[in-house]
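Reader: I would like to go through the labels attached to this model and hear what stands behind each of them. Could we begin with the pocket?

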Amino acid sequence: MVVIKILVLTMLSIMSIMDLKSKRINLYFLIPFLVSGVICNLSYQLVPLTSLIGGVGIGIVLLMISFVTKGKIGSGDGIILMVTGLFLGFYDNLLLLLSATFLSAIVGAFILLKKGMNKNYEIPFIPFLLLSFAGGLIIWR
């Protein structure tokens with residue numbers, strides 16, 4: 001569904017800008033996307049209920065990891081993945097997370113080799129979610 005792709009792309013674009021500028025996201029900007037995801041699933045049943053729960057669960061697991069690591073992984077990343085899980089379901093949301101993690105590892109390795117960084121260097125993750133989602137749209141249309 002094209003509308004869903006546009007919603008997710010728009011959300012990830014807005015959140016990427018916030019993440020790049022301040023390394024924080026404003027949850028108020030997520031509310032319209034959260035509501036849209038719920039309404040779309042209630043109206044069109046985008047993904048089966050078990051897949052929807054699994055997709056949101058991926059974000060919940062990331063939130064728990066953020067809590068356990070005392071914020072080494074941003075809680076905003078988990079919240080974003082909860083919302084994308086509403087639209088994408090388990091499999092596609094997991095694929096989004098894995099491909100974004102792969103891209104961020106490549107960039108992190110490049111930064112490490114070229115510029116050097118210490119263990120406290122932070123790389124915003126949401127732009128990698130955006131790149132992964134946009135790349136998936138191009139590759140799988």
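Author: This is a predicted model, and in it the second largest pocket holds about 440 Å³ of space.

Reader: Which residues lie nearest the centre of the second largest pocket, and how many line it?

Author: The lining consists of 19 residues, and those nearest the centre are Leu 88, Asp 92, Phe 133, Gly 136 and Leu 137. Helix H1 (2–22), H4 and H5 each contribute at least two residues to this lining.

Reader: How do the lining residues of the second largest pocket divide into nonpolar, polar and charged?

Author: The lining has 12 nonpolar residues, four polar ones and three charged ones. Gly counts as polar in this scheme and Asp as charged.

Reader: What makes the nonpolar surface patch, and which elements give two or more residues to it?

Author: Phe 90, Tyr 91, Leu 95, Ile 138, Ile 139 and Trp 140 make a nonpolar surface patch of about 740 Å². The elements giving two or more residues to this patch are helix H4 (75–114) and helix H5 (126–140).

Reader: Why is Trp 140 called exposed?

Author: Trp 140, which is placed in helix H5, has a relative accessibility of 63%. Exposed means over 50%, and Trp 140 therefore counts as exposed.

Reader: Why does Val 56 count as buried?

Author: Val 56, a residue of helix H3, has a relative accessibility of 17%. Buried means under 20%, so Val 56 receives that label. The C-alpha atoms of Val 56 and Phe 87 are separated by 9.3 Å, while the two residues are 31 apart along the chain.

Reader: What is the phi of Lys 23, and where does Lys 23 lie?

Author: Phi of Lys 23 is near 55°, a positive value in a residue other than glycine. Most residues other than glycine have a negative phi. Lys 23 lies in the loop between H1 and helix H2 (31–44).

Reader: Why is Lys 23 called partly exposed?

Author: The relative accessible area of Lys 23 is 42%. Partly exposed covers what lies between the 20% limit for buried and the 50% limit for exposed, so Lys 23 is partly exposed.

Conventions:
Residues are numbered from 1 along each chain as its sequence is written. This is a predicted model: local features need pLDDT of at least 70, side-chain atom pairs count only at pLDDT 80 or more; totals for chains, interfaces and linings use all residues. Side-chain values use heavy atoms; hydrogens and water are left out. Patches are made of residues with over 30% relative accessible area and no salt bridge: like charges are joined within 9 Å, nonpolar side chains (Val, Leu, Ile, Met, Phe, Trp, Tyr) within 5 Å. Accessible areas come from the Shrake-Rupley method with a 1.4 Å probe; for residues, only the protein chains shown count as cover. A salt bridge is a side-chain nitrogen of Lys or Arg within 4 Å of a carboxyl oxygen of Asp or Glu. Helices (H or I, at least four residues) and strands (E, at least two) are DSSP runs, numbered from the N terminus. Buried means under 20% relative accessible area, exposed over 50%, partly exposed in between (1.4 Å probe, protein chains only). On a 1 Å grid over the protein atoms alone, a cavity is a set of points where a 1.4 Å probe fits but cannot get out, and a pocket is an open set with protein on both sides within 12 Å along at least five of seven lines; lining residues have an atom within 4 Å of a point. Grid points are joined across faces, edges and corners, and a volume is the space filled by probe spheres set on the points.
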